[in-house]
Amino acid sequence: MATIYLDHQATTPMDPAVVEAMNFAATHCYANPSSPHAAGIRAFREVERARGAVARLIGAGRSEIYFTSGATEGNNLAIKGVAARTGGPRHVVTTAVEHKSVLDTCRSLREAGHEVTVLPVDGEGRIDPGRVAAALRPDTALVSVMLANNEISTVQPVAEIGAITCAAGVPLHCDATQGVGSLPVDVRTLGVDLLTFSGHKIYGPKGVGVLYVSNRLSDRAPLAPLLHGGGQERGLRAGTLNTAAVIGLGAAVGVLAAGREEEAVRLAGLRGRFLTELAHRVPYTLNSGTGPGFLPHAVNLSFPDVDAQQLLLEVAGLAVSTGSACNSSAQEPSHVLRAIGLPPERIRGSVRIAFGRFSTEAEAVRAAHALAAVAGARPPVTA
Amino acid sequence: MTSTTSPLAPRGRTVPAGRVAPLLETVSPTSRSALLVAGGYFDTAVGIGAFSLNSFALAQETGAAARRLHRGNKVLYDVIVNDLGMSCSTDVCTLPAAGPAETDLTPLTAAAAEAGTDFTVTRERNLRNRAARSMKRWLREPAAQPLFSLDGDEIVFRSRQYEKVLAGVVKGDHVVPRCPLIVAEYFARYFARLRAFPDCAHRHVIDINSLADRDKVTKGAEIYLRTLGTPEEEIVLVFADAACADPTALTYTAYDF
C-alpha cells in the first residue's frame with residue numbers, strides 16, 4: 001500500500017505542472033539568464049515571468065522580488081541584511097514561536113552585539129500586537145513575525161502589527177512560508193517591508209525561495225548582502241540563478257493562485273473528517289485550533305500517555321510528524337509547544353498532521369484508523 | 001518529449017502565430033491599442049545591413065498582426081538611425097544637426113511600400129541633443145527629478161534593476177548623455193506620438209534590438225517608465241540576431257519597477 005503523506009507542513013510533493021515547467025526549463029532554458037546571447041535572454045525572460053507571477057501573488061512589484069535558495073536563506077538575508085545596513089548595534093524584535101531560521105539568525109545577531117527581544121505568545125501561540133508596540137525602541141531596526149506557525153498553525157495578526165511598525169517607521173519582516181499556500185497574502189495590506197517563503201511548501205521545487213523587499217525600504221538603504229560575487233538579483237544575492245527551480249516556482253505560484261480559496265475549504269473538510277474518525281476510536285487533545293485564525297489544512301494533537309515518536313515507528317505507511325521536521329533531530333521538546341505552555345507529557349505525545357493538494361477523503365479516514373489502532377493499543381508511558 | 005511553449009506564458013487568449021506571437025502577447029484582442037513598432041535600426045557608418053532589413057520586416061509583420069488582432073488598433077513604424085558616428089560614450093557634448101540626405105533609405109522605403117505602410121526616421125544625433133538639454137534643465141533644478149543624482153561629474157539614475165546606471169557626464173557647462181538616457185529619450189518621443197490616439201486604451205512601444213543592446217535599452221526603458229511613464233503604457237523590448245528568425249520579447253510597465 002502506498003504511503004499516505006500527511007506532512008505537508010514539512011514539504012509538499014511537486015505539482016505535475018511544476019514538473020512540466022522544470023522539464024521545459026531543463027531542455028529550453030539551460031543558458032545562464034545573465035548571458036547576452038539569445039539563449040540567455042530566453043532564460044532571462046522565463047525567470048522574469050516567474051518573478052512577475054510571484055509579484056502578482058503577493059501584490060508586489062516585480063522589482064521587489066528576489067530569488068533565494070529557500071526561506072532559510074531568505075530569513076537570514078532579511079534579518080541580517082537589515083541589521084547590517086546601518087552601522088553599530090541595533091535592536092530586533094521577534095517572537096518565541098518563530099521558525100528556527102529566524103530565531104537562530106536573531107541569536108547570531110545577539111552574539112554579534114545586537115540586542116534581541118523575543119516576545120512571548122498566548123496559549124494559542126498568538127502574539128499580542130500591543131506587546132510588539134511596547135517592545136519598540138528608538139534603535140529598533142526590525143520586527144520579525146511569521147504569518148502562520150509551522151507546528152500549531154496559528155495565524156498571527158500581521159496586518160495589525162504592520163500598522164504599528166509602519167507608524168513607528170520600523171521595517172517589518174514576515175516569514176510567510178507556512179501561510180502563503182493557504183491564505184491570501186498582500187504585502188501592502190499586511191504592511192510588511194520584507195516577506196519570505198520557499199517553493200517546496202507550495203508544491204514547487206526545493207532549493208528555491210522568495211524574498212520580497214519593498215522598494216520603500218530598498219530606496220532608503222539597500223540590504224547588506226550575505227553573498228558577494230556576480231551582482232545577480234540586483235546585487236543583493238550573488239550567484240547564478242537556479243533557473244529551472246525558479247521557473248518551477250513560477251508554475252507553482254500559477255497553480256496556487258488559480259484555486260487557493262476552494263482548496264482551503266476542501267482541506268479543512270478533510271481535516272474535519274480525520275478528526276471525527278479519530279475521535280470515534282481514541283482519546284486525544286488538540287494542541288492547535290481548527291477554526292478561524294488557524295491554517296485550514298493542519299492540526300497538532302496529543303494522545304494521552306503515548307510517546308509520539310514511538311507511535312510513529314509502529315504506524316506503517318503513514319507520513320506525519322511529531323513536531324517541526326526541521327527540529328525533529330534536535331532531541332529536545334518543540335520550542336513552539338513549550339512557548340504555548342504545554343506540559344512535557346503533552347509535547348511527548350504530540351503529532352502534527354497536515355493535508356495537501358493530493359490528499360483524499362479515503363486517505364484521511366485510513367490515516368485516522370491507522371493512528372487510532374496503534375495509539376489505542378499502547379501501554380501508558382512511564383516517565 | 002517536453003513542450004516547446006513556455007509554461008509561464010499567458011494562456012487562454014488568442015495571439016498571432018509564428019515569430020510575432022511573443023511580441024504581441026500582452027496586446028489586448030478586445031480593446032483598441034496604439035502601437036509603435038521600431039525596427040530597421042542601422043548605423044550610417046555601416047549602412048543598411050541584414051539586421052536592419054530583417055528587423056524592419058519583423059516590424060512590418062508585427063504591425064500587420066497587431067492590426068488583425070483588433071480592427072481598431074493604430075500602428076506606427078519608426079526606424080532609428082545611429083548617425084552619431086561614434087560610440088555614444090565618447091566625450092562630445094553637442095553635435096551638429098544631421099544632414100537631410102546623408103543616408104539612402106531605399107531598401108527600407110521599398111519594403112514599406114510593398115507592405116503598404118510608411119515609417120518615420122529617428123536620428124540618434126537629435127535624441128542625444130534633446131537628452132543633453134533635458135539633463136541641463138535637471139542640473140538647474142535637481143529636486144524636480146529625485147531619481148537622478150550627481151556623483152562627482154557623473155549623473156546617476158537610481159535603478160531598481162541595476163546596481164548603477166550612468167545617465168550622463170557633466171563636462172563644464174555641458175552634459176554628455178549616455179546610452180540609457182538616449183534610449184529613454186526615444187521612448188518619450190514614441191509615447192508622445194501614441195498619445196495622439198486618445199481612444200486607444202493602451203499604448204505599446206515594440207522596440208526590436210540586436211542582442212548586444214540588451215542592457216542599454218533595458219536601462220533606458222526603466223528610466224522612461226519611472227520618470228515619465230503612465231499605467232497604460234508598455235514597452236516590449238525585443239532581442240534578435242541578424243536573421244530575426246527567433247526573437248525574444250521582454251515586457252515592461254511602470255508596475256514592474
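Is P292(A) buried or exposed? With 7 C-beta neighbours inside 10 Å, P292(A) counts as exposed, because a residue needs 12 or fewer to fall in that class. Welcome to a predicted model of a complex, to which the predictor gives an ipTM of 0.83 and a pTM of 0.90. Here is a quick tour, from confidence to the contact between the chains and on to some helices.

**Confidence in chain B**
- The average pLDDT of chain B is 90, and 90% of the residues score at least 70.
- Strand β1 (residues 33-38) of chain B has the highest mean pLDDT among the elements of the chain, at 98, while strand β8 (residues 174-177) of chain B has the lowest, at 93.
- A stretch to treat with care is residues 88-93 of chain B, where pLDDT stays under 50.
- For residues 88-93 of chain B, the model has twelve contacts beyond four places in sequence.
- Where pLDDT is low, the predicted coordinates should not be read in detail.

**Where chains A and B touch**
- Chain A brings 28 residues to the contact, and chain B brings 20 residues.
- On the side of chain A that touches chain B, α1 (16-28), α2 (38-58) and α9 (243-279) each supply at least two residues.
- The most comes from α2(A), which gives nine residues to that side.
- Sorted by class, the side of chain A that touches chain B holds ten nonpolar, ten polar and eight charged residues.

**A closer look at α2(A)**
- From its first C-alpha to its last, α2(A) reaches 31 Å with 21 residues, close to the 30 Å expected at 1.5 Å a residue.
- Since 16 of its 21 residues are buried, α2(A) is largely enclosed by the rest of the structure.

- Look for P292(A) in the loop between β9 (285-286) and β10 (298-302) of chain A.
- From P292(A) to H369(A) there are 77 residues in sequence, and the C-alpha to C-alpha separation in space is 27 Å.

**Overall make-up of chain B**
- Chain B has five helices and eleven strands in its secondary structure.
- Of the 257 residues in chain B, 44% are buried.
- If you take the contacts in chain B between residues at least 6 apart in sequence, 70% of them join residues at least 24 apart.

**Helices α3 and α4 of chain B**
- Helix α3 (residues 124-140) of chain B packs against helix α4 (residues 179-194) of chain B at an angle of about 100°, and the axes are 9 Å apart.
- The angle lies between 65 and 115 degrees, so α3(B) and α4(B) count as roughly perpendicular to each other.
- From α3(B), the residues that meet α4(B) are E124(B), L127(B), R128(B), R130(B), A131(B) and M135(B).
- Their partners in α4(B) are L181(B), I182(B), E185(B) and Y186(B).
- By class, the residues of this contact between α3(B) and α4(B) are six nonpolar, no polar and four charged.
- With 16 residues, α4(B) spans 23 Å from first C-alpha to last, close to the 22 Å expected at 1.5 Å a residue.
- Twelve of the 16 residues of α4(B) are buried, so α4(B) is largely enclosed by the rest of the structure.
- The buried residues of α4(B) include C179(B), P180(B), V183(B), A184(B), F187(B) and L194(B).
- L181(B), I182(B), E185(B) and Y186(B) are buried and also meet α3(B).

Definitions and conventions. Residues numbered from 1 in each chain as written. Chains lettered and ligands numbered in written order. Predicted model: local features only at pLDDT ≥ 70, side-chain atom pairs only at ≥ 80, totals over all residues. Axes fitted to C-alpha atoms, helices over the stretch in contact; angles between N-to-C directions. Helix = DSSP H or I, 4+ residues; strand = E, 2+ residues; numbered from the N terminus. Parallel < 35°, antiparallel > 145°, perpendicular 65-115°, else oblique. Contact = placed C-beta atoms within 7 Å. Nonpolar A, V, L, I, M, F, W, Y, C, P; charged D, E, K, R; others polar. Buried ≥ 20, exposed ≤ 12 C-beta atoms within 10 Å, placed from the backbone. pLDDT = per-residue confidence, 0-100. Expected span 1.5 Å × (residues − 1).
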